[in-house]
Amino acid sequence: MQTENVSALMRVAERPPQLFVSGSGSWLMDEDGRRYLDFVQGWAVNCLGHCPAELTRALLEQAGRLVNCSPAFFNEPATRLARLLAAHSCFDQVFFCNSGAEANEGAIKLARKWGAAHRGGAYEIVTFHNAFHGRTLATMSASGKPQWNRLFEPKVAGFPKAPYGDLDAVAALIGPNTAAVMLEPVQGEAGVIAATPQFMQGLRALTRERGVLLVVDEIQTGMGRTGRLFAYEHAGIEPDLMTLGKGLGGGVPLAALLAREAVCCFEPGDQGGTFNGNPLMTAAGAAVLRALLAPGFLEAVARKGGYLRSRLEQLSARLGLGAVRGQGLLLALELGADTGAALVERALAQGLLLNAPRPNLLRFMPALNVAESEIDTMIELLGAALD
Ligand SMILES: *Cc1c(COP(=O)(O)O)cnc(C)c1O
């Protein structure tokens, strides 16, 4: 790959030299025809793998019918996907947008409007240390990434933070200015740390008792990633707001804010966006959701998650590495040393795509329809990279 070919792209990430040209299922191909087993899948985005037939078909059909008509008008795929999401969740109202950060901005705005109307102007949203909610100014402010503490100052005010899992700390932060508590059911970027069901249930009880909203950011955990359609289901609770992104479009830019009827206080003019809910993206989302809802699909995700976990635990025991944690097909392996970045590079050289969200661990987020034989191949390639 020639450096002059890429010099016009703004350098916002360190990227390896490979130029990827095609993909199929769990495999990506570069311009030299080399194959890579993809356990990143666009950061848990391509939930059905690369170029799944149902997604390609939905995009082609919709592209020939109607690509865009403006968010000022109803369109068929958006109404269909909204109905499907409402029918399969505890939420009633859906707002479509283009990225996870934009969905979280919507949740923050809705919570602030609700606080203004129902809690005497309350606007604070309690979030968590090491949380990741996106890269707009407000969602960076809601995030708890230490590296961002002094970036792009001044931050948006109103996001007091508690240690993840510490219910007493949340209770102490809820005051007259609090409108909501917002969290990821599994903190992905922080290193795949799952909230316990007890913590989720405790937060639901606490927010009810104190009269504030509970917002779940399921941009990474939603759409089947943890073995249930949404991760909040594991705790048997019903949050007030939820955001989706990543897997929702199966690879195309699609995100959503979902709200329960009782708290959905947006009025015409409060929220919108030029590309929001366009038929092409929502047709893709509807095809993805239909695939996830097929009988047995989510059970298979849970089973494969269990298989990946046990293979990682065997590998860890053999090589003296650390614990495996996470839920479903969102797992992490502790390395016991800060070798993550070097391992990602070595795995790439072996034809395996992995991610190290923290220096001392690897994260695994394969396609939800990954085959057990592909999990075996991944373990072999990872074992070779580790030796
Ligand atoms: C990826 C992610 C976001 C941001 O989504 P973008 O589409 O990159 O804006 C927000 N929250 C969580 C939990 C995420 O994983």
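The model is predicted, so local features need pLDDT of at least 70 and side-chain atom pairs count only at pLDDT 80 or more, while totals for chains, interfaces and linings use all residues. Residues are numbered from 1 along each chain as its sequence is written, and side-chain values use heavy atoms, with hydrogens and water left out.

**Cysteines**

A disulfide is a covalent bond between the sulfur atoms of two cysteines. The criterion applied here is a pair of cysteine sulfur atoms within 2.5 Å, and by this rule the count comes to 0 disulfides. Cysteine 51 is in no disulfide, and the nearest cysteine sulfur, that of cysteine 47, is 13 Å away. Cysteine 51 is exposed, with a relative accessible area of 56%. Cysteine 264 is likewise in no disulfide; the nearest cysteine sulfur belongs to cysteine 265 and is 6.9 Å away.

**Backbone features**

Secondary structure elements are DSSP runs numbered from the N terminus, with helices (H or I) of at least four residues and strands (E) of at least two. The loop between helix H6 (137-142) and strand S6 (161-162) holds proline 154. A cis peptide bond joins this proline to glutamate 153, with omega about -5°. Phenylalanine 152 lies in the loop between H6 and S6 too. Its phi is near 55°, a positive value in a residue other than glycine. Tryptophan 43, which is not a glycine either, has a positive phi of about 65° and lies in helix H2 (residues 41-44).

| Residue | Relative accessible area | Class |
|---|---|---|
| Tryptophan 43 | 39% | partly exposed |
| Phenylalanine 152 | 53% | exposed |
| Alanine 44 | 3% | buried |

**Contacts of single residues**

Contact means heavy atoms within 4.5 Å. Alanine 44 lies in helix H2. Not counting residues up to four places away in sequence, alanine 44 touches Gln220, Arg225, Lys246, Gly247 and Met365. The C-alpha atoms of alanine 44 and arginine 65 are separated by 29 Å, with the two residues 21 apart along the chain.

Proline 253 is found in the loop between strand S11 (241-244) and strand S12 (255-259). With residues up to four places away in sequence not counted, proline 253 touches Asn98 and Met281. Proline 253 and glycine 165 are 88 residues apart along the chain, and their C-alpha atoms are separated by 31 Å.

**Helices H11 and H12**

Two packed helices are described by the angle between their axes and the distance between the axes. Here axes are lines fitted to C-alpha atoms, for helices over the stretch in contact, and angles run from 0 to 180 degrees between N-to-C directions. The axes of H11 (residues 340-350) and H12 (residues 372-386) come within 9 Å and cross at roughly 125°. Angles under 35 degrees count as roughly parallel, over 145 as roughly antiparallel, 65 to 115 as roughly perpendicular and the rest as oblique. H11 and H12 are therefore oblique to each other.

On the H11 side, Leu343, Arg346, Ala347 and Gln350 meet Leu381, Ala384, Ala385 and Leu386 of H12. By class, this contact has 6 nonpolar, 1 polar and 1 charged residues, where Ala, Val, Leu, Ile, Met, Phe, Trp, Tyr, Cys and Pro count as nonpolar, Asp, Glu, Lys and Arg as charged, and the others, Gly among them, as polar.

Methods. Buried means under 20% relative accessible area, exposed over 50%, partly exposed in between (1.4 Å probe, protein chains only).
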